[in-house]
Amino acid sequence: MAPPGRVALIAILGTAQTLAWASTYYLPAILAVPMAQSLGLSVATVFAAFSGALIITALAGPAAGKAIDRFGGRPVLLASSLLFAIGLAMLAAAQSPLLFLAGWLVLGLGMACGLYEAAFAALVWLYGHQARNAITGIALLGGLASTVGWPLSGWLNAELGWRGACLVWAGLHLGLGLPLNALLPRAPMLAMPRASTPAAGEASAHTASGPAPSEVRRILMLLALVFATTLFISTAMGAHMPRLLQGSGLTLAAAVGIAALVGPAQVVGRLLEFGLLRRVHPLLSARLAAAAHPLGAVILLLLGAGFAPLFAILHGLGNGILTIAKGLLPLALFGSAGYGARQGWLMVPARIAQAFAPFLFGLGLERWGTQALWLSVGIGLLAFAALLALPAHRHDSAAH
């Protein structure tokens, strides 16, 4: 069978990504309370298990990326479908906290092999430096995960209970996700250097014309800082925005309604990246995006609750573009060789920051109320400063 074309591949991977995110990352928001009640746990304990899964994702990410560099995305993404199904089935069967935690840890392995970083690496393995539009398309479709996942999980919980919901999601991974990932091509669509070839991107780092190792490390550290700070902000806002907006003086209904603007704004941001911003260097679009949250937060803090919709929209626009930037910046700055392993290492501090973001920002809200937004402003400006310090030229030699 002929491999799918680029548009078909975007649809295939985008659908698989929507399923992957909806059934894992967005699952606790709907099912944490019934899970806790059924197992005799606190809701905080359920979210702690989810945080443990994110730490496993961080630790396993480099190995998953290295495997994609060597073998391509197909076997790794197929493995993710199986891991998702097994982890969800373990949650459904759990009668004790130990099996429940084990199920989340298996899901953490699945997320390392099957979320955006793995999909982006699979596209770079297939298309090399020409993967930008495909990465944007995947992120655009994956942005529908909460829109699909939250209502479907809620409906399944109402009809079948949370255990039935987990089993349905597991069945979807076997019946839909696995066949979709099996359609991925087995060979690259473009000839390009593989990180596994001798000295692919390593020896040249020490040549006279290549960048100094210290410069390579500096750029990698700046990128890791950008990824960690921006993911901390997006996760903190995802967990606490309605409560945060209530603290600014809004009613619960108004706060929830305004927080709901974030999702559509993220989609608009990704459409902007797919259209207008595709013609500029991804570093410029990332800088604009990183400035959006601090700008919106300062407006809300200084001008009050009447500007809450603007804050939500600016945050969503920036977050939507930054999701794509996490895939594009390493490609633009270092090229395609060794992309998967590098992306895995870059995301280790980001996933750890993500795991602790709800807890740490929640502590800030308890102590300072809405003024805790100054914390996210400072973190956002740190990300913006790091992006300003990054060079716009490419260091292909830094593949190692």
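1. Let's start with Ser 23, which is buried, with a relative accessible area of 0% (buried means under 20%, exposed over 50% and partly exposed in between, using a 1.4 Å probe and protein chains only). Ser 23 sits in the loop between helix H1 (6-22) and H2; helices here are DSSP runs of H or I with at least four residues, numbered from the N terminus.

2. A word on the model: it is predicted, so local features need pLDDT of at least 70 and side-chain atom pairs count only at pLDDT 80 or more, while totals for chains, interfaces and linings use all residues. Residues are numbered from 1 along each chain as its sequence is written, and side-chain values use heavy atoms, with hydrogens and water left out.

3. What does Ser 23 touch, not counting residues up to four places away in sequence? Its neighbours are Leu 88, Trp 169 and His 173, where contact means heavy atoms within 4.5 Å.

4. Now to the helix pair. The axes (lines fitted to C-alpha atoms over the stretch in contact, with angles from 0 to 180 degrees between N-to-C directions) of H2 (residues 28-39) and H3 (residues 43-71) come within 8 Å and cross at roughly 130 degrees.

5. Which residues meet? Pro 28, Ala 32, Val 33, Met 35 and Ala 36 in H2 meet Val 43, Val 46, Phe 47 and Phe 50 in H3. By class, this contact has nine nonpolar, no polar and no charged residues.

Note on methods:
Helices (H or I, at least four residues) and strands (E, at least two) are DSSP runs, numbered from the N terminus. Ala, Val, Leu, Ile, Met, Phe, Trp, Tyr, Cys and Pro count as nonpolar, Asp, Glu, Lys and Arg as charged, and the others, Gly among them, as polar.
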